[in-house]
Amino acid sequence: MRILYLGDIVGDKVLNVLKANIERIKAEYKINLILVNGENISSGKGLIEKHYKELKALGVAGISMGNHTFSKSEIKDYINDATIVRPANLNTEYGKEVLYIKYNDKTIALVNLLGRVYSNTPLDCPFKTMDRLLNEIKADYIIVDFHADATSEKKAFFYDFAGKVDAIVGSHTHCQTSDEQVYNNTCYITDMGMCGAYNSILGDDVNQIITRFRTGVYEPLKVANDNEYIISGVVLDLGHKNQIIRVLKKL
Ligand SMILES: [Fe+2]
Ligand SMILES: [Fe+2]
């Protein structure tokens with residue numbers, strides 16, 4: 001089974017770019033299923049229902065989130081019925097800890113976890129949370145989106161859970177790393193990167209961020225407006241022998 005997993009989608013304008021190109025990308029990589037990280041779609045933080053529906057119209061089977069899961073509070077009204085997985089180590093009654101996705105006769109379990117290094121949010125231990133989930137999950141394939149800042153925390157999680165899950169893909173930094181590897185049949189990349197404006201700082205407006213650094217005044221961020229886009233992610237080829245292929249396209 002070949003799964004396209006796209007890194008953090010920043011802003012809703014890039015959804016149109018994906019709409020125009022998704023069939024071509026699917027054909028190029030012989031994709032069966034699409035997963036995305038959707039935490040930054042709605043004005044850079046969170047995911048409103050309108051944009052969730054646009055993702056579904058694109059054919060996205062599952063959406064993982066991150067530290068911005070609840071940045072748009074309306075998600076609380078629809079997350080329980082949506083094909084969205086929220087970080088399992090975030091203590092909340094809203095949303096799913098595991099998203100089960102059916103593809104033909106196979107079941108995929110999608111898990112989302114938040115790293116704790118540099119995080120201000122009170123979180124359960126992602127390692128112990130994953131131990132608990134592994135006792136509960138019944139699926140043919142397990143994929144984890146580890147949403148974290150620190151490379152070391154992501155790598156430690158990878159070596160700890162290699163052989164126990166099929167893929168561990170990093171998200172949150174918005175910069176794709178070139179360290180994809182397979183160990184004990186578990187696919188890994190430290191960060192998948194982002195889908196958003198090419199001329200941007202992590203998807204956000206360049207001048208706004210420069211002003212932040214120069215003045216020390218934290219104006220609200222705004223999503224960058226550019227006519228060129230970067231589409232970043234990975235293809236997970238899961239089956240007898242798991243493989244990971246990096247996807248990085250300028251459109
Ligand atoms: Fe994030
Ligand atoms: Fe993000």
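The radius of gyration of the chain, taken over C-alpha atoms, is 17 Å, which agrees with the value near 18 Å that a compact globule of 251 residues would have; the globule rule is 2.2 Å times the number of residues to the power 0.38. The model is predicted: local features need pLDDT of at least 70, side-chain atom pairs count only at pLDDT 80 or more, and totals for chains, interfaces and linings use all residues. Residues are numbered from 1 along each chain as its sequence is written, while chains are lettered from A and ligands numbered from 1 in the order in which they are written.

The C-alpha trace spans about 50 × 40 × 35 Å along its principal axes. The chain holds 6 helices and 14 strands (DSSP runs numbered from the N terminus: helices, H or I, of at least four residues; strands, E, of at least two). Of the 251 residues, 44% are buried (20 or more other C-beta atoms, placed from the backbone, within 10 Å of the residue's own).

Strand E7 (residues 106-114) has 7 of its 9 residues buried. Its pairings (at least two DSSP bridges between two strands) are as follows.

| Pair | Direction | Bridges |
|---|---|---|
| E6 (residues 98-103) and E7 | antiparallel | 6 bridges |
| E7 and E8 (residues 141-147) | parallel | 7 bridges |

Val98 stands opposite Val111 in E7, and Asn112 stands opposite Asp145 in E8. E6 and E7 form a hairpin with 2 residues between them, and Asn104 in the turn has a positive phi of about 50°. E7, helix H4 (residues 126-136) and E8 make a right-handed β-α-β unit: with the strands pointing away from the viewer, the path from the first strand over the helix to the second runs clockwise.

Methods
A residue is buried if 20 or more other C-beta atoms lie within 10 Å of its own, exposed if 12 or fewer, and partly exposed in between; C-beta atoms are placed from the backbone.
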